[in-house]
Structures are given as structure tokens and as C-alpha cells.
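Q: I have a structure to look at and would like to go through some of its details. Could we take it step by step?

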Amino acid sequence: MKHRMSIRFGFLFPWTFRFIGIILILAATITVTEIGWFAILVFIPGIFLSLASEGFEIDTMRKCYREYYSFIFLKMGKYQPYQSIEKLFVNRSQESQRIYSAHTNKSSIFTNEVFNAYLKFSSGEKILLRKGKKKEKLIAQMNLISQSLQTQVMDNT
């Protein structure tokens, strides 16, 4: 059994910022031989934008957890103690997005069904671990985590 587990939620920035980061990294590698100082100034923000992520880390031996932001593989977040883990559970929710047309004043609303996986502590605090559009895949991921945390997964959908 692992005593320390890190669950990455996803990237911190949207795909457009990560794409800009990759372009900056490519620009730095192309110009490194001609303009070394420029390559360094461009490479660091490129790495920062493309690798920044967020997640959750739990240490079952010390009974503490943290929600973290990771920048260039350095995790930042404050550890908080917990008494015990009550359960892992999956809920259903809906996300909607309103998109406006460029030439008219009309809009369209797109609605998607999303499944959210939470970890609940005995104190009542809930932490979002993962979300996804496929319920079976999310529950399979939560079953692996529940084995490490020695708890149950409840399907509330």
C-alpha cells in the first residue's frame, strides 16, 4: 500500500495558453545559437505555461493532504490534517456554455453531462478529485484510488 498518493486534476491553463507555451519553447530552441539571452527569456515562460498543473496529494501515514498547483514540477500548497476518509463518491452534473455568433446577436447554449468524483473526509469537507464525460472510466479510476485509501466508491448518479 502506498502511503503517499498524488492525483493530478489537470492542466492549470487552457489549451490556448499551453499552445502559446509550446510555440515559445520552439522559438527558444530555434534562436538558442544566435541569441542566447533571448532563448532563455522565452524558454522559461514557455515551460511555465505548458507544464503548469493542479492536483491533490494525500499522505495516509501522516494523515494530511493538500491541494496543489505545480509549476515546472514544483508543487505548491499547504498541508492540512484530517481525521479519517469517509468515502469516495461520483455525482452527475451538467455544464452549459453559451456561444454568441460573430455576425448576429443570437446565441446558442450547449449542455453536456459531466461526472465529478469527490473525496469526503469525516469532517464533512469534500474535495474534487477528477471529472469526466464517461462514467465507467471515472469509476474505474476511482476504484484504483479507493483500494489505496481503503475506502468505498459510491455511485450517486
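This is a predicted model: local features need pLDDT of at least 70, side-chain atom pairs count only at pLDDT 80 or more; totals for chains, interfaces and linings use all residues.

Q: Let us start with helices. At what angle do α1 and α2 pack?
A: Helix α1 covers residues 15–31 and helix α2 covers residues 36–51. They pack at an angle of about 155°, and their axes are 7 Å apart.

Q: Does that make α1 roughly parallel or roughly antiparallel to α2?
A: Angles over 145 degrees count as roughly antiparallel, so α1 is roughly antiparallel to α2.

Q: And is the crossing of α1 and α2 left-handed or right-handed?
A: The crossing of these two helices is left-handed.

Q: Which residues in α1 and α2 meet?
A: On the α1 side they are F17, R18, I20, G21, I22, L24, I25, A27, A28 and T31. On the α2 side they are G36, F38, A39, V42, F43, P45, G46, I47, L49 and S50.

Q: How do the residues of that contact divide into nonpolar, polar and charged?
A: The contact of α1 with α2 has 14 nonpolar residues, five polar ones and one charged one.

Q: New topic. How many salt bridges does the structure hold?
A: There are eight salt bridges in the structure.

Q: Take R4 and E57. What is the N to O distance in their salt bridge?
A: The side chains of R4 and E57 meet with 3.7 Å from N to O.

Q: Where do R4 and E57 lie?
A: R4 is in strand β1 (residues 4–11), whereas E57 is in strand β2 (residues 53–59). The pair therefore ties together parts that are 53 residues apart in sequence.

Q: Is E57 buried or exposed?
A: E57 has a relative accessible area of 6%, and it is buried.

Q: What about K131, which residue does it form a salt bridge with?
A: K131 forms a salt bridge with E95, and their closest N and O atoms are 2.7 Å apart. K131 belongs to strand β8 (residues 126–132) and E95 to strand β6 (residues 85–100), so this pair ties together parts that are 36 residues apart in sequence. Both partners are partly exposed, with relative accessible areas of 40% for K131 and 35% for E95.

Q: And which residue does K135 pair with?
A: K135 forms a salt bridge with D155, with the closest N and O atoms 3.1 Å apart. K135 lies in helix α3 (residues 135–149) and D155 in strand β9 (residues 153–155), so the bridge ties together parts that are 20 residues apart in sequence. K135 is partly exposed at 23% relative accessible area, and D155 is partly exposed at 38%.

Q: Which residues do salt bridges that share partners join into one network?
A: The network consists of R4, E57, R66 and K75.

Q: Let us stay with K75. Where is it found?
A: K75 is in strand β4 (residues 74–76). With a relative accessibility of 34%, K75 counts as partly exposed.

Q: Which residues is K75 in contact with, beyond its neighbours in sequence?
A: Leaving aside neighbours within four places in sequence, K75 is in contact with S6, E57, R66, Y68, Y69 and S70.

Q: Now the backbone. What is phi of K63?
A: Phi of K63 is near 55°, which is positive, and K63 is not a glycine. Most residues other than glycine have a negative phi. K63 sits in the loop between β2 and β3, and at 37% relative accessibility it counts as partly exposed.

Q: What is phi of Q150?
A: Q150 has a positive phi of about 55°, although it is not a glycine. Its place is in the loop between α3 and β9. Q150 is exposed, with a relative accessible area of 64%.

Q: One last residue. Is Y65 buried or exposed?
A: Y65 counts as buried, at 3% relative accessibility. Y65 is found in strand β3.

Q: What does Y65 touch?
A: Not counting residues up to four places away in sequence, Y65 touches F56, E57, I58, K78, Y79, Q80, P81, Y82, F121, E125 and I127.

How values were computed. Residues are numbered from 1 along each chain as its sequence is written. Side-chain values use heavy atoms; hydrogens and water are left out. Axes are lines fitted to C-alpha atoms, for helices over the stretch in contact, and angles run from 0 to 180 degrees between N-to-C directions. Helices (H or I, at least four residues) and strands (E, at least two) are DSSP runs, numbered from the N terminus. Angles under 35 degrees count as roughly parallel, over 145 as roughly antiparallel, 65 to 115 as roughly perpendicular and the rest as oblique. A crossing is left-handed if the near helix is turned anticlockwise from the far one by less than a right angle, and right-handed if clockwise. Contact means heavy atoms within 4.5 Å. Ala, Val, Leu, Ile, Met, Phe, Trp, Tyr, Cys and Pro count as nonpolar, Asp, Glu, Lys and Arg as charged, and the others, Gly among them, as polar. A salt bridge is a side-chain nitrogen of Lys or Arg within 4 Å of a carboxyl oxygen of Asp or Glu. Buried means under 20% relative accessible area, exposed over 50%, partly exposed in between (1.4 Å probe, protein chains only).
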